[in-house]
Amino acid sequence: ACLLLKARRPKHSSCLKLRGSGECEIPSMNVSVVRTAPTESSRQRDLISMARFWCCFVAAGFAAARIKEASYLMDELLKQMTLMALHAAKLSITLVNVFSQPLSPAAQKEGRSALAFRLSHLFGSRGAIGHEVKAALSPSGNEVEATQVPPQIDGKHSVHCLAEVIKGLLRNGQLHAGLHQILAMHAQDDPVRMPLLVLLLETACNADRAEEVVCETHSGGIAYLLPEAISLFLADCLHSGSVASASAIFHAARKSSLALLPSAYQALLKLYAADRDARASLLFADMQASDSCISETLCIALLSRCAQSNFALLAEDIAAYARANAMMTLSLYNGLMRVYANCSMYSEACDLYTEMRGRGMEPSEMMLGRLIRFSKECGRTELLTVLQEKASHKVQYYMPLIKKAASDHNVEAAMEVLQMIKSHGNQADIAAYNSVLDVCVRSRDMARAQKLFHDMRRTISVNVITYNTLLKGFCLNGNLKGAQQLFTEMRHAGIAPDDITYNCLIDVAGRSGNLKEAWAVIHEMERDGIPVNQYTIAIMLKWLRHSRREGDVRRALAFLDRSQANVCTDEVLLNTVLDICIRCRESTRLKRIITEMESPSAGKPSLNTYSCLIRACGAVRCHGSCWKFWDQMVLDRSMEPTDVLLGCMLDALVSCDQVGEAVDLFNSWKGRIPANLVMYSTLIKGFMNSGEADRCMELWREMQAEGVKMNTVVYNSLINAQAHIGATSIMSQLVSEMESDGCLKDSITYSILIKGYCVAGDLDTALEFLCTSHTLPKMDISAFNFLLKKAFMYRRMELVDQIMSFMEKSSAVPNSFTLSIIIRISGECGYLDKALQALRLYGQRHHASPTSQVFSSLVAACRDGNDFRRVWTALLELCAKGMVPDSKVWGGLITGLVRSGDVKDAVGLVKEAYGLGGPRLLRPGDEIAPKVLQELFRHLRRHGQQHQETILLRQLGTAGISLGEISAALS
């Protein structure tokens, strides 16, 4: 807002407090509290300065479409100005500057209406300032109010105010009104500034009325200003690459018979050359006919653009003009040679050598190297021999040939160049050898690379670049053993490895899946005093991206924090870190990166980075940040999103529970980006999460109408949406459609169907689907769990054995939830032995500790069977095997023993848990709840066992157990 105002900030900074959320406290206009005994003039100055500063908040509110808040601030400003007797004309410049800026699309209609209403009250009908501001704020297309600005304006700032009004009109698309005011300014002998005319031309091009505006401006008496304005406008078009706008204005000027400046021709020619436009040759001919000066500098610049766009036709026209005017220099030949090379016109490029020699010129070293490559490409053997004789005394002439072989992955060509250097009696230097070695490595020809490496060691002194190049070859082939042997040889040769060496070793270790070796290399790297940089961390994170060992990921992120590398400056590292943090749910780090990337100094991300950032916003449910990155990409930078990026945006909105916005965005882009199954599946997931199963079916019908080819994943999502509400008839319909579309049912399909029929209470049909699914390679355990839970809920115990039988036949692996259900069912039926057997078998087969949920189910089963002692025995047996429950399980078992009258066993269990007389069985940091111990001590006291109570309290106190709360409750 301060930059927009361009006015001095008040001296008393305490009047403004900004908050991080974008809100602000309204500054007070009562400045007498900060300055003692002010004079009337100084008070007026401060009031005006404060009011101008306040205007910024109003303008910022309207620009951000926060109409309610901005209108309130505007009303408050009017009230304070009335109280302070501050005349509105004092703020005329500020108001016109601030409020003539274009508003956001959301605030275009409502914001301008609210502003115009309040400004009419501010100015009334006194003077022209009110008319100017109303004209600048008049809605797009309504030019009536704008043209009613009085022709004569009083005040020293009148010309500037009118210029700002015209800018506001043009920025808001009111072309006719803006042109009318410019002509009126000229008629009153007021100076028409050049930026106004440039903005007028830009608006005319956007409205496709360039010819009309140029004609009216030319006939309006300011034709003398148009050539310079057109030149400036074409220069802006050259900077932005707007060929269509530049061409429209240029041809409109030609139709009006305007004499254009040479700079206008030059700008348009450069645009045509870069765009490979066929009109460039005609324009170049017109420029020659107009007697415009065509300098050597312009020709070189045009040839450079022709080389970038492969525009040989215009390049030859420029060369013909230069030859006719004796302007051909070495620089022009070099530029023309680049054009021929990029167009693969190698024979024509070689002909330039003969022409240069005829003019008494000798090619530079760079040109000579290129000519050698060109003559070899087009088979000009005689010329090649001549050029090789000239280049025989210098190796660098052959480097372009080696680079060409590297780009073509042609090992044979690179080796021929190396032999060619040796055949002329030259000793190839280390740079040439390393370049040829790099060609071998890039081509994955490690046998030739190793042979060349051994030849190099015999003939010249190799350096660290040589070893790093060969290490890169082992890395590309995933040969960890070869890389380690080469590293050992490097140590023995006395060559100190650098960070690139270690990074290559880490990369090959990660590529081989040996993360332990990668960490060992990092430790050796630190031991050698080479700091871990962001490239090292990026390599480690790249191979940890799909690792399930979260400890390694945390370790790599700790290295990242220690290195103090700025993640936001390296897109590769940024995308890798975002991907890993999303997978590992590192919400704090993700929010910090999102905040940094939202700042104006964060740079300009690529489309791939935008997709990662939007995914991160969805992962941490930052709805506002999703739209910030999307608007920055689409509106501010005019980038075209890909189908992958649009899919990421839809998924992020769905994750933020904004499925309505996701559908609106999907429909708005469906005509420009083809909709795919991923997008539809994401929207179906959003409607499923919001409980709108009918909307899922609407999307499915839309996909059928548009002929979208379905797959099993999308059908599973549709069936899952109906399974959540138990709509079995629609589920059956979708299964039939799925089969008719040739989509096979997988284990996920059967799991969803089983859950759906369980939700509907039809356990028999669910069991039939379970019987049908036993042939599938891997059945989801959640389906068995859901069916077991519902069978227990509906007391269908006869189904439990059948479900367990199918579970044993299938490849589904039971988890702790399965075990807890089995234990509860066994306890309910009075089969405590079966529950204990299931608990032991689970620990033996899966080598996993049962969860607290399992132990809680076991305690509940003991309570049902009133047999806590057997559970205590089983519990001690599991503790001996390292499967220790938490304090809640111990507390539940102790309480059960107390209430069943087994107080002695309860006391013994407390001693076992706290290790009074043996090893402690409670987990470190765990304590039995005070309420459990209070109930035990009260029971002892109630039954006359105070002696036992005293002994236990003393033992617990000796063991360091805090008994303050227990003692206070007992007393």
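## Asn 503 in helix α27

Asn 503 is located in helix α27, which spans residues 499-511. The model described here is predicted. With a relative accessible area of 9%, Asn 503 is buried. Leaving aside neighbours within four places in sequence, Asn 503 is in contact with Met 525, Asn 533, Tyr 535, Thr 536 and Ile 539.

## Overall composition and confidence

The protein contains 53 helices and 0 strands. Of its 971 residues, 49% count as buried. Among contacts with a separation of 6 or more, 66% are accounted for by residues 24 or more positions apart.

The average pLDDT of the protein is 76, and 75% of the residues score at least 70. The pLDDT is below 50 over residues 1-38, a stretch that has 56 contacts in the model beyond near neighbours in sequence. Residues 138-157 also have a pLDDT below 50, and this stretch has 39 contacts in the model beyond near neighbours in sequence.

## Nonpolar cores

The largest nonpolar core comprises 155 residues, and Trp 630, Leu 718, Leu 787 and Ile 803 are the residues with the most contacts inside it. Helix α31 (residues 571-584) gives the most to this core, contributing 8 residues. Leu 787 touches Ile 754, Cys 758, Leu 763, Ala 766, Leu 767, Leu 770 and Ile 803, not counting residues up to four places away in sequence.

A second, separate core has 89 residues, including Leu 170, Phe 284, Ala 307 and Leu 314.

## Leu 303 and its surroundings

Leu 303 lies in helix α15 (residues 296-309) and is buried, with a relative accessible area of 3%. When residues up to four places away in sequence are not counted, Leu 303 touches Ala 315, Ile 318, Leu 332, Gly 335, Leu 336 and Val 339. The C-alpha atoms of Leu 303 and Glu 316 are 9.3 Å apart in space, and the two residues are 13 apart in sequence.

## Cysteines and Ser 245

The count of disulfides is 0. For Cys 205, the closest cysteine sulfur is that of Cys 237, at 6.4 Å; this is too far for a bond, because a disulfide requires sulfur atoms within 2.5 Å. Cys 205 is buried, with a relative accessible area of 15%. Cys 440 is likewise buried, with a relative accessible area of 0%.

Both Cys 205 and Cys 237 are touched by Ser 245, as is Phe 233, not counting residues up to four places away in sequence. Ser 245 belongs to helix α12 (residues 243-255). The relative accessible area of Ser 245 is 19%, so this residue counts as buried under the 20% limit.

## Helix α19

Helix α19 covers residues 365-377 and has 13 residues. From its first C-alpha to its last it reaches 19 Å, close to the 18 Å expected at 1.5 Å a residue. The buried residues of α19 are Met 367, Leu 368, Gly 369, Arg 370, Leu 371, Ile 372, Arg 373, Phe 374 and Ser 375. Just after this helix, Gly 379 takes a positive phi of about 75°.

## Positive phi at non-glycine residues

Ser 344 is not a glycine, yet has a positive phi of about 60°. It is found in the loop between α17 (330-342) and α18 (346-358). The relative accessibility of Ser 344 is 49%, so the residue counts as partly exposed.

Arg 444 also has a positive phi of about 60° although it is not a glycine. Its place is in the loop between α23 (430-442) and α24 (446-459). Arg 444 counts as partly exposed because its relative accessibility is 48%, and the exposed class begins over 50%.

Technical notes: Residues are numbered from 1 along each chain as its sequence is written. This is a predicted model: local features need pLDDT of at least 70, side-chain atom pairs count only at pLDDT 80 or more; totals for chains, interfaces and linings use all residues. Side-chain values use heavy atoms; hydrogens and water are left out. Helices (H or I, at least four residues) and strands (E, at least two) are DSSP runs, numbered from the N terminus. Buried means under 20% relative accessible area, exposed over 50%, partly exposed in between (1.4 Å probe, protein chains only). Contact means heavy atoms within 4.5 Å. The expected span of a helix is 1.5 Å times one less than its number of residues. pLDDT is the predictor's confidence in each residue, from 0 to 100. A nonpolar core is a set of buried Ala, Val, Leu, Ile, Met, Phe, Trp, Tyr and Cys residues joined through side-chain atoms within 4.5 Å.
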